[in-house]
Amino acid sequence: MTADLTLDSLLHRIRQDNPAFDDGSLRRAYAFCRRVYRRDAADSADAHLYHLLEILEILVHLKVDESTLVLGLLHDIPVVSAAAMSELKTEFGADLFQLVTVGHRVRQIPYRKSNQQQVENFRKMFMTMARDLRVVLVSLADRVCTMRSLDHEPPERQRYFSRETLEIYAPLANRLGISALKGELEDLALRFLEPERYEELVSQISRQKEERDTYVAGVKAQIRQLLEKNAVEGVVSGRSKHLYSVYKKMERTGVDLEEIYDLTAFRILVTSIADCYAVLGLIHATWKPIPGRFKDYIAMPKSNMYQSLHTTVIGPFGERIEVQIRTHAMHRVAEEGVAAHWKYKESGVAEASGADDQRFRWLRQLMDWQQDFSLSQEVSSSGLVDLFPEEVYVFTPGGDVKEMPKGATPVDFAYAIHTDLGSQCVGARINGKHRPLRTPLQNGDIVEIQVQANHHPSKDWLSFVKTSKARNRIRQHVKAEQREKSLEFGRELLEKELRKYQYSLKRAQALESFKAGIEELGFKEFDDVLAAVGYGKLTAGQLMGHILPREELRAATPPAKKSALSRVLGKIGGRKHSSSAVRIAGIDDVMVRFAQCCNPLPGEEVVGFITRGHGLSIHTADCSQVQTSEAERLIEVEWDLDKTSNRSVKIRVFCNNQKGMLVSLSGAITAADANILSASVNTTPQQQGVSQFEIDVLNLEHLNRVIREIKKVRGVYRVERLRS
């Protein structure tokens, strides 16, 4: 970091790359920050402003666009002064205000290391919440500055930031192809996490630095002379590994620094593949190659498209050196991320594939676009993306990250943690506030599940849960609960039928014919028989003919014959003649009610559901309640078009909030020959009118006619039917 760092010196660097750069926005942003800091944080204003210039210096080095530079200056305004945010929005616009807000929220995400998957979820959530590459770049630059200034912080805080940097920020910098930031972040993190090892490495390498630099310069000169002598055009570079890279290799191999032979690596870039092999021959002819240390990734590229020749030779003064040889085109492929080198380095696995790799390759390409100042407007508009649109990442109260599918609810979250937590869930707090269980979770939400002992899942949850685990557990419970109720109901029906023959259930079970009759019907357990009777698959009367002695059946007076379905419906619903406009094949004496969940109208396709103790419930065929019900309890029904009766239905009308609107709406409903049973009118904060009516209609066609008349009213832009 330069001691005389100023805004003017940074603007001078920018103009060296882009002479046409307009510094107006940047100067305005810096003046705004000076005004805010000196007004609201006077004691630390100079330190804050210098911190901003440090961030700006990093961003200038990355050659980002103008909007990213402005964001770098303004990013800390929410920390210094919440009140100044409204001024920022007025002066710099809603888009920049949103970027500053999102960036602040991203940097407030609590980090807690758990396992590799948790850390990876955290990285994804970071990128998902940021969504804009500019936010990520500013966050990385801010983290570098934070790590540089950790010396005066308490050790615990130093370790916290260092772990977070090593697990989150350094890998993100690597994935974006910003190797300089990655290396610095890793070295700074090592300094605070392993201070003794860090100082030891610095001391050892420092003692060798002058000698090492001389050695590197000498080898580079020899390689250049070798290329010139053989008329090969090439670019030669030499580099020393970062401290963290050396430290990791020592940890992995268990060797001392003196035994690490590839502290320095040399790269030779040439114009053609033929030149690659020619240079390899020259290197091997000059220095002795080490057996087993040559790899030809040109003839046999890695599955991730990486191409290069790697060899290790015994170089000058008997020291081992690593040499990589590739064309300029191959080098660009490797550096742009097509080789997904970030995954190779982090996991030790050469191959890279999958949707995540493609996203980060796209990000690295976008990074290159950002370096072209002439494309700043295009980049700004294309920088906002959904990097991981299919997932959201939320926190437990303890800080663990959970990956959930988009649209997941607190119930899904509860089941993801533990089945018992999901089953006993009665409520949820999201970010400290009570929210309905059907609330979709958003990235970064902190979710706390409230439970109640002996509570059980609700069948209604099936209409909004997203995960298969939650859905399967709920269905299992509902099925078990329904079976339990069916057993109880089947036992009641069977005992009632047996009393007609002067038998108790216990006495009947003692008969030799009882077990034989059950087996004859194909049942293995008595509970299966009770469940079949309870479900209506088998009537109690049918069962009598199999389990009671024939002579007793002949002696008793059997019940009057009627259909099996009629007997089931009669027992569960009473005997009440239906006056509804619904017709059931072969049945004319069953209690019928219309389901409130879907409120069917004549003209809609309907289906009947056999309830327990409440007769037959009529639903629309596409009702969600029917979709999750047992198929064996559904029966075919149809509307009796010979009968007519009014059915009430609710509708909601969205319209302009203007004088006389209610009168016009009422007139339209009356004009369609419908009677208004009730009406309510409300106004939204956006001054939109929302009216709700309950009306009487004859059928679906009549309702559609009412809706058409309402839509003719000037100022109405939407009409919807309410199902409940």
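**Entry 1: ground rules**

I am working with a predicted model, in which local features need pLDDT of at least 70 and side-chain atom pairs count only at pLDDT 80 or more, while totals for chains, interfaces and linings use all residues. Residues are numbered from 1 along each chain as its sequence is written, and side-chain values use heavy atoms, with hydrogens and water left out.

**Entry 2: the whole chain**

I started with the totals. The protein chain has 30 helices and 21 strands; these are DSSP runs numbered from the N terminus, with helices being H or I of at least four residues and strands E of at least two. Of its 724 residues, 48% count as buried. Buried means under 20% relative accessible area, exposed means over 50%, and partly exposed is in between (1.4 Å probe, protein chains only). Then I looked up the contacts, meaning heavy atoms within 4.5 Å. Among contacts in the protein chain with a separation of 6 or more, 66% are accounted for by residues 24 or more positions apart.

Next came helix pairs. Two packed helices are described by the angle between their axes and the distance between the axes. Here the axes are lines fitted to C-alpha atoms, for helices over the stretch in contact, and angles run from 0 to 180 degrees between N-to-C directions.

How do α3 and α4 pack? Helix α3 (residues 45-61) and helix α4 (residues 66-74) have axes 9 Å apart, at an angle of about 160°. That makes α3 roughly antiparallel to α4. I noted the scale: under 35 degrees is roughly parallel, over 145 roughly antiparallel, 65 to 115 roughly perpendicular, and the rest oblique.

The crossing of α3 past α4 is right-handed. A crossing is left-handed if the near helix is turned anticlockwise from the far one by less than a right angle, and right-handed if clockwise. On the α3 side, L52, I55, L56, L59 and V60 make the contact, and on the α4 side T68, L69, G72 and L73 do.

**Entry 3: α3 against α9**

I stayed with α3 and turned to its contact with α9. The two pack with axes 9 Å apart, at an angle of about 125°. That makes α3 oblique to α9. Again I wrote down a right-handed crossing, this time of α3 past α9. From α3, H51, E54, I55, I58 and L59 meet L137, V138, A141, D142, V144, C145 and R148 of α9. This contact of α3 with α9 divides into eight nonpolar, one polar and three charged residues.

**Entry 4: α9 against α10**

Which way do α9 and α10 cross, left-handed or right-handed? I found a left-handed crossing for α9 and α10. The axes of α9 (residues 133-148) and α10 come within 11 Å and cross at roughly 145°. S139, L140, R143, T146 and M147 in α9 meet F161, S162, E164, T165, Y169, L172 and A173 in α10. By class, I get six nonpolar, four polar and two charged residues for the contact of α9 with α10.

**Entry 5: around α13**

I listed the buried residues of helix α13 (residues 243-253): L243, Y244, V246, Y247, K249 and M250. Their cover includes α10 (155-175), α11 (179-193) and α12 (195-229). From α12 I picked out V202, which is partly exposed at a relative accessible area of 26%. V202 and L243 are 41 residues apart along the chain, and their C-alpha atoms are separated by 7.8 Å. Just after α13, G254 takes a positive phi of about 75°.

**Entry 6: R326**

Is R326 buried or exposed? R326, in strand β6 (residues 320-327), counts as buried at 2% relative accessibility. I looked for polar contacts of its side chain, meaning pairs of N or O atoms within 3.5 Å; within protein, one must be able to donate a hydrogen and the other to accept it, and residues adjacent in sequence count only if both atoms are side-chain atoms. One joins the side chains of R326 and S308 at 3.3 Å, and another links R326 to the side chain of Q324 at 3.0 Å.

**Entry 7: positive phi outside glycine**

A231 is not a glycine, yet has a positive phi of about 55°. A231 lies in the loop between α12 and β1 (234-240) and counts as exposed at 70% relative accessibility. I also noted N431, with a positive phi near 55°, in the loop between β9 (425-430) and β10 (433-435). N431 is partly exposed, with a relative accessible area of 46%.

How values were computed:
Nonpolar A, V, L, I, M, F, W, Y, C, P; charged D, E, K, R; others polar.
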